[in-house]
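Me: Hello! I have just opened this structure and would like a guided tour. Could we go through it one question at a time?

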Amino acid sequence: MNRIDLTPAAAEIISKLRAENGPLMFHQSGGCCDGSSPMCYAVGEFIIGSSDVLLGQIDGCDFWMSSDQFEYWQHTHLTVDVTRGRGASFSLEIPLGVRFLIRSRLFDDDEYAKLLPVHVGPLEEV
């Protein structure tokens, strides 16, 4: 059971961004305004904190969330989507005239029971 998925439209934007920027990652901080939206960065452009939570991967990109935000979303399946409109963030998709957003639903009891534990903190370099 995945904690996070993406729509075909979001996958298309990720593909364009990867072609221009190389490997990508996402982070959702839970701050106000655009800070509560998923942000897309080139790998290495955002420093993962010791309490950030790795939810999984979407289209080969790690998706991280601040631990405070994860406390609210831990019972929720998240889907990364994209919509027209310019956000006010540093996320890589903004110059394309689109922005990523989260669609959510609660896990049912069976789904929640099948979830694997999350990883907290930066991944060690291999």
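This is a predicted model: local features need pLDDT of at least 70, side-chain atom pairs count only at pLDDT 80 or more; totals for chains, interfaces and linings use all residues.

Me: Where does E111 sit, and which residues is E111 in contact with, leaving aside neighbours within four places in sequence?

Reply: E111 belongs to helix α3, which covers residues 109–114. Leaving aside the neighbours within four places in sequence, the contacts of E111 are M1, R105 and L106.

Me: With which side chain does E111 meet in a salt bridge?

Reply: Side chains of opposite charge can pair when their charged atoms come close. For E111, one of the contacts is R105, which is partly exposed with a relative accessible area of 39%. The N to O distance is 2.9 Å, and the salt-bridge partner of E111 is R105.

Me: How many salt bridges are there by this rule?

Reply: The rule asks for a side-chain nitrogen of Lys or Arg within 4 Å of a carboxyl oxygen of Asp or Glu. The pair of E111 and R105 meets it at 2.9 Å. By this rule, the count of salt bridges is four.

Me: Which residue forms a salt bridge with D81, and where do the two sit?

Reply: D81 is buried, at a relative accessible area of 11%, and its closest N and O atoms to the partner are 2.7 Å apart.

Me: How many residues apart are D59 and R18, which meet in a salt bridge?

Reply: The side chains of D59 and R18 come to 3.5 Å, N to O. D59 lies in the loop between β4 and β5 (61–65), while R18 is in helix α1 (residues 8–21). D59 is partly exposed at 34% relative accessibility, and R18 is partly exposed too, at 29%. This pair links distant parts of the chain, and the separation is 41 residues.

Me: D52 has no salt bridge; which side chain of opposite charge is nearest, and how far away is it?

Reply: D52 is placed in the loop between β3 (39–42) and β4 (53–58). Though buried, D52 lacks a salt bridge. A salt bridge needs the atoms within 4 Å, whereas the nearest side chain of opposite charge is R3, at 14 Å.

Me: With which side chain does the side chain of D52 make a polar contact?

Reply: Not counting residues up to four places away in sequence, D52 touches several residues, including F46, W64, H119 and H27. One side chain among these makes a polar contact with the side chain of D52 at 3.2 Å, and that is H27.

Me: Now for the whole protein: how many helices and strands are there, and what is the radius of gyration?

Reply: From the N terminus on, the elements run β-α-β-β-β-β-α-β-β-α-β, giving three helices and eight strands. The globule rule gives 14 Å for 126 residues, and the protein comes close to that, so it is as compact as a globular protein of that length, with a radius of gyration of 14 Å.

Technical notes:
Residues are numbered from 1 along each chain as its sequence is written. Side-chain values use heavy atoms; hydrogens and water are left out. Buried means under 20% relative accessible area, exposed over 50%, partly exposed in between (1.4 Å probe, protein chains only). Lys and Arg count as positive and Asp and Glu as negative; His and the chain ends are not counted. A polar contact is a pair of N or O atoms within 3.5 Å; within protein, one must be able to donate a hydrogen and the other to accept it, and residues adjacent in sequence count only if both atoms are side-chain atoms. Contact means heavy atoms within 4.5 Å. The radius of gyration is taken over C-alpha atoms; the globule rule is 2.2 Å times the number of residues to the power 0.38.
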